[in-house]
Amino acid sequence: MTPVLSVRDLTVTYPSGVVGCVDVSFDIFPGEILGVVGESGSGKTSVLNAIALTLPPTRGSARFASPRLGTQALFALNAQQQRWLRQREIALVHQNPHRALNFDLSAGANVAEALLAADWRHYGRIRARVAELFERVELDLTRMDDLPGRFSGGMQQRVQLARALANSPALLLLDEPTGGLDVSIQARLLDLIRELSRGLGTAMLLVSHDLEVVRLLARRTVVMQQGRVVEAGVTDQILEDPQEPYTQLLVHSMLT
Amino acid sequence: MRYTFAFLDEQSKRSVRRALLKAVAIPGYQVPFVSRELPISYGWGTGGIQVTCALLGPNDIVKVIDQGADDSVNALNIKRFFARTADVFTTTLTREATIIQTRHRIPEECLTASQILVLQVPYPEPLRLVEPRETETNRMHAEGDYGRMYVALYEDIVRHGEITLPWQYPTLVNGRYLMSPSPIPRFDNPKLHMAECLFLFGAGREKRVYAIPPHTAVESLAFDDYPFRAESFHGRRCERCGSTDTYLDEVIADVSGRRSHQCSDTAFCLQRQANPAHPRGWGHDLTSVPRKEET
């Protein structure tokens, strides 16, 4: 099976000289959720932003199997091609909905924006698709034209998810999608993400500092420390029998 | 006191013309230009005046209108400025003019291949409505990333059941650049499409010029199921000439406060008063514009 995304030797160094991540390599296969765990500053977000094409890497490659463009070397594409992919095939869900949603626009318009960016030009069809997405992420249809500022945090994340799924992306990047939410709301959102993964077969990259979240969703996991991958493998194996001292520390500090 | 011909020095006029040539070569693209100081302040038509100054020759005949009228104070003063500094003839007859400078309107009467319409533009950037950063609007133009402009139209339909933008209605020029038609009513948008004349736009304060060459496709943004529509005057007619197909202004008619409607294009209204059958002459249906089929 060919991977949806194949990352090799990804290195990000910031202009200040701070190292984001070093020589990170992994594959994501169709329909799979790959977890990336590590504490704050371990380089998870650098990896995610590089793949989301919002942060140019210093070195390394990423081959993406685009359903419409064929296999592409992501970092070799020009800005317009990268935007094309970002608006259609590689979607990102931020930890903070304020970074992704426009709070001056209705929730429905935020989802519609993704469709309009992908050249949808039929109002009736856009409305129908937005309604379909609202149902899929279990949002109340009657609130489609409300401002997201009036939504709860969990609902805002669902709006973000609906927006990310609007153009049926081949790869969904999730950056701490449940961070800052109540435990009960977290659980429901995690259920939803798992159902979406099963139902749509979308490959996902899940970045989290929360091992519990990764255990629930990801079959395979990459553990990062100080910008490097220290351990990679099947999630259950990593959690039951961590090999590296750092992973052992992470696992043992989990609340049980 | 004597001035250089058409007030601006020759080098400045030349630099404006260079910018205009580039603007004509890339329809709808905003070209930066020098934007000199004039005896009136920015925001009072200085962009249009500089474009006209750069174009004027001794044989030109100039018409200036403001909100469609030849006799408003601003229009008269600008016209007098050209007459005094370039010694050109002026006119109120649309047909007679070689250069027409305008604010807020395109004349009702069809313009010909030998005429140039110069529009005064306060806000040249159509994307400013949805994006405050200049770096970002530059990128959006470069990549043709205009989805967010459609979001504004989408929200309009959600709230009001139709697209309600009354003026500065965004257009896509030659299938490439999003362009603000300046504050003309959307009633005038269809006149920009496949016209015989040259349209030049000057924004003095924002230091930008742009252009629509003759025979250029100009599409007013819309949805497939919510096509562009010009304003409707619900069958009202001009009180003076009786026209029902022109853009009407609502005016207070007398001391009793009674309201009536009159043509905003005063020169055309006079023509119609003399001959009620005087044609507008624009080649195509002005209430809608043919759109590309969805691909």
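In this predicted model, helix H1 (residues 10-25) of chain B and helix H2 (residues 46-55) of chain B have axes that come within 9 Å and cross at roughly 100°. That makes H1(B) roughly perpendicular to H2(B), because angles from 65 to 115 degrees count as roughly perpendicular. Which residues make the contact? From H1(B) come Lys13(B), Val16(B), Arg17(B) and Leu20(B). From H2(B) come Gln50(B), Val51(B), Cys53(B) and Ala54(B). By class, this contact of H1(B) with H2(B) has five nonpolar, one polar and two charged residues.

## Helices in contact

Two packed helices are described by the angle between their axes and the distance between the axes.

| Helix pair | Axis distance | Angle |
|---|---|---|
| H1(B) and H2(B) | within 9 Å | roughly 100° |
| H4(A) and H5(A) | within 10 Å | roughly 115° |
| H4(A) and H5(B) | 9 Å | about 135° |

Take the pair inside chain A. The crossing of H4(A) and H5(A) is right-handed. On the H4(A) side, the contact uses Gly108(A), Val111(A), Ala112(A) and Leu115(A). On the H5(A) side, Ile126(A), Arg129(A), Val130(A) and Leu133(A) meet them. Sorted by class, the residues of this contact are six nonpolar, one polar and one charged.

## Where the chains meet

How many residues does each chain give to the contact between them? Chain A gives 17 residues and chain B gives 15 residues. On the chain A side, three helices each supply at least two residues: helix H2 (79-88), helix H4 (107-117) and helix H5 (123-136). Which helix supplies the largest share of this side? It is H4(A), with six residues. By class, the chain A side that touches chain B divides into eight nonpolar, five polar and four charged residues.

H4(A) packs against helix H5 (residues 147-160) of chain B. Their axes lie 9 Å apart, at an angle of about 135°. That makes H4(A) oblique to H5(B). The crossing of H4(A) with H5(B) is right-handed.

Now the residues. H4(A) brings Gly108(A), Ala109(A), Ala112(A), Glu113(A), Leu116(A) and Ala117(A). H5(B) brings Gly147(B), Arg148(B), Tyr150(B), Val151(B), Tyr154(B), Glu155(B) and Val158(B). This contact of H4(A) with H5(B) has eight nonpolar, two polar and three charged residues. Look at Gly108(A) and Ala112(A): they take part in the contact with H5(A), and also in the contact with H5(B).

## The sheet of chain A

Chain A has an open sheet of four strands. Their order is E2-E1-E4-E5, and the pairing is antiparallel. Which strands lie at the edges? They are strand E2 (19-28) and strand E5 (70-73) of chain A, each of which pairs on one side only. Neighbouring strands of the sheet are turned by 15° against each other on average, direction ignored.

Strand E4 (residues 59-66) of chain A runs antiparallel to E5(A), and four bridges join the two. Within this part of the sheet, Arg63(A) has Ala73(A) in E5(A) as its bridge partner.

## Domains

Chain A is divided into domain 1 (1-89 + 171-256) and domain 2 (96-168). The C-alpha centres of these two domains of chain A lie 24 Å apart. Nine residues of domain 1 of chain A are in contact with ten residues of domain 2 of chain A. On the domain 1 side, H2 and helix H7 (183-200) of chain A each supply at least two residues. H7(A) gives the largest share of that side, three residues. By class, the domain 1 side has six nonpolar, two polar and one charged residues.

Chain B has two assigned domains as well: domain 1 (10-127 + 165-220) and domain 2 (232-278). Their C-alpha centres lie 25 Å apart. In chain B, 14 residues of domain 1 are in contact with seven residues of domain 2. The domain 1 side of this contact in chain B has five nonpolar, four polar and five charged residues.

Conventions. Residues are numbered from 1 along each chain as its sequence is written. Chains are lettered from A and ligands numbered from 1 in the order in which they are written. This is a predicted model: local features need pLDDT of at least 70, side-chain atom pairs count only at pLDDT 80 or more; totals for chains, interfaces and linings use all residues. Domain bounds come from an automatic or database domain assignment. Two residues are in contact if their C-beta atoms, placed from the backbone, lie within 7 Å. Ala, Val, Leu, Ile, Met, Phe, Trp, Tyr, Cys and Pro count as nonpolar, Asp, Glu, Lys and Arg as charged, and the others, Gly among them, as polar. Axes are lines fitted to C-alpha atoms, for helices over the stretch in contact, and angles run from 0 to 180 degrees between N-to-C directions. Angles under 35 degrees count as roughly parallel, over 145 as roughly antiparallel, 65 to 115 as roughly perpendicular and the rest as oblique. A crossing is left-handed if the near helix is turned anticlockwise from the far one by less than a right angle, and right-handed if clockwise. Two strands pair if DSSP finds at least two bridges between them.
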